[in-house]
Amino acid sequence: MRKFSDLTEREILAVAISGEEEDSRIYMSFAEDLAERYPKSAKIFEEMAEEEKHHRHLLLEIYEERFGANLPPIRREDVKGFLKRRPIWLTKNLSLDAVRKEAETMELEAHRFYSKAAEQATDVGVRKLLGDLAELEKGHESLAVKLTDDILTPDIRSEEDKTRRRMFILQYIQPGLAGLMDGSVSTLAPLFAAAFATHNNWQTFLVGLAASIGAGVSMGFAEALSDDGSLTGRGSPWLRGGTCGVMTAIGGLGHTMPYLVPDTWANAFWIATAIAIIVVFFELWAIAYVRARYMDTPFLHAAFQVVLGGGIVLAVGILIGTA
């Protein structure tokens, strides 16, 4: 990689031209990615892309005047310490706020590049253009604010807020709720079967720990591999999988932790079991609340389904353990 200080004026301009072209493409990719979910916000990034195309045109004009039509094959990735962009596939299905932050970072980096380039340029015209572009990139944040105010009216903002809430539910609440339900319910039977079969808190804890972690890994991979988010817009599969896996493990560990009560205590088994049953009660009601709050399920209906299902699994575990 080349040091920035070693670049010639011709190479600086070539890097700037290729950078503006790539940024324009990135903004258009943002616009395409957001078009279905947030059409008005997508318009903002289309305008930003047009701005980058205009900057490229200005740079190309002055380059051709000074050095001719041939551009040297150098890109910003070849320059040490400047303008690293994430691959576009890592910016797919990001939330609207995340995309805007990504754009702000791009403009900040571009501003720094042009400021450094202007300091290094010797030609008066080139120096002036690079300085002007530095100021333009610095002002792009205000451009984004202006475009946002012009395009995103209160009604449109309200609609996009609803879309954002739906996306939040799809990307976080649904996989997290699925994991919490699976972890809370599926681990009940093995945990309480082990508890009533052994009456040993430590052994019961180990069974619950293994069941919780195993279920978390299994659910996490199942969620991540079930949908890459490209068609459903549910976001990064590994983020959803991680959310689902962690919540599954938490759901199981909640009623496993009481069995850390030392076996040396008097009535240690019954103390731990009583605490575990209380934890299960709160877990199931918490699941019912989340379903009612985010999944538009009537609370009593959700509570009946979750509490009844959890109660049946708990009873099965106790029956098997005492058999």
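1. Axes here are lines fitted to C-alpha atoms, for helices over the stretch in contact, and angles run from 0 to 180 degrees between N-to-C directions. The crossing of helix 8 and helix 9 is right-handed; a crossing is left-handed if the near helix is turned anticlockwise from the far one by less than a right angle, and right-handed if clockwise.

2. A word on how to read the model. Residues are numbered from 1 along each chain as its sequence is written, and side-chain values use heavy atoms, with hydrogens and water left out. Because the model is predicted, local features need pLDDT of at least 70 and side-chain atom pairs count only at pLDDT 80 or more, while totals for chains, interfaces and linings use all residues.

3. Which aromatic pair involves Phe221? Phe221 and Trp238 form an edge-to-face pair, 6.2 Å centre to centre and with 85 degrees between the planes. Rings of Phe, Tyr and Trp (its six-membered ring) pair if their centres lie within 6.5 Å; planes under 30 degrees apart count as stacked, over 60 as edge-to-face and the rest as tilted. Phe221 sits in helix 8 (residues 201-226) and Trp238 in helix 9 (residues 237-254), so the pair ties together parts that are 17 residues apart in sequence. Phe221 is partly exposed at 46% relative accessibility, whereas Trp238, at 55%, counts as exposed (buried means under 20% relative accessible area, exposed over 50%, partly exposed in between, with a 1.4 Å probe and protein chains only).

4. The whole structure holds 13 aromatic pairs. Elsewhere, ring pairs join Tyr27, Phe30 and Phe45 into a cluster.

5. Now for helix 1 (residues 9-35) and helix 2 (residues 39-67), whose axes come within 8 Å and cross at roughly 165 degrees. That makes helix 1 roughly antiparallel to helix 2. Helix 1 passes helix 2 in a left-handed crossing. The residues of their contact divide into 19 nonpolar, two polar and ten charged; Ala, Val, Leu, Ile, Met, Phe, Trp, Tyr, Cys and Pro count as nonpolar, Asp, Glu, Lys and Arg as charged, and the others, Gly among them, as polar.

6. Stepping back, the protein has eleven helices and zero strands. Helices (H or I, at least four residues) and strands (E, at least two) are DSSP runs, numbered from the N terminus. Of the 323 residues, 43% are buried.

7. Two residues are worth a look. Met106, in helix 3 (residues 96-120), is buried, with a relative accessible area of 2%; its C-alpha atom is 9.2 Å from that of Glu137, 31 residues apart along the chain. Val307, in helix 11 (residues 299-322), is partly exposed at 29%.

8. Finally, confidence. The mean pLDDT (the predictor's confidence in each residue, from 0 to 100) is 82, and 83% of residues reach 70 or more. Helix 7 (residues 188-198) has the highest confidence, at 92, and helix 5 (residues 140-151) the lowest, at a mean of 54. Where pLDDT is low, the predicted coordinates should not be read in detail.

Key
Parallel < 35°, antiparallel > 145°, perpendicular 65-115°, else oblique.
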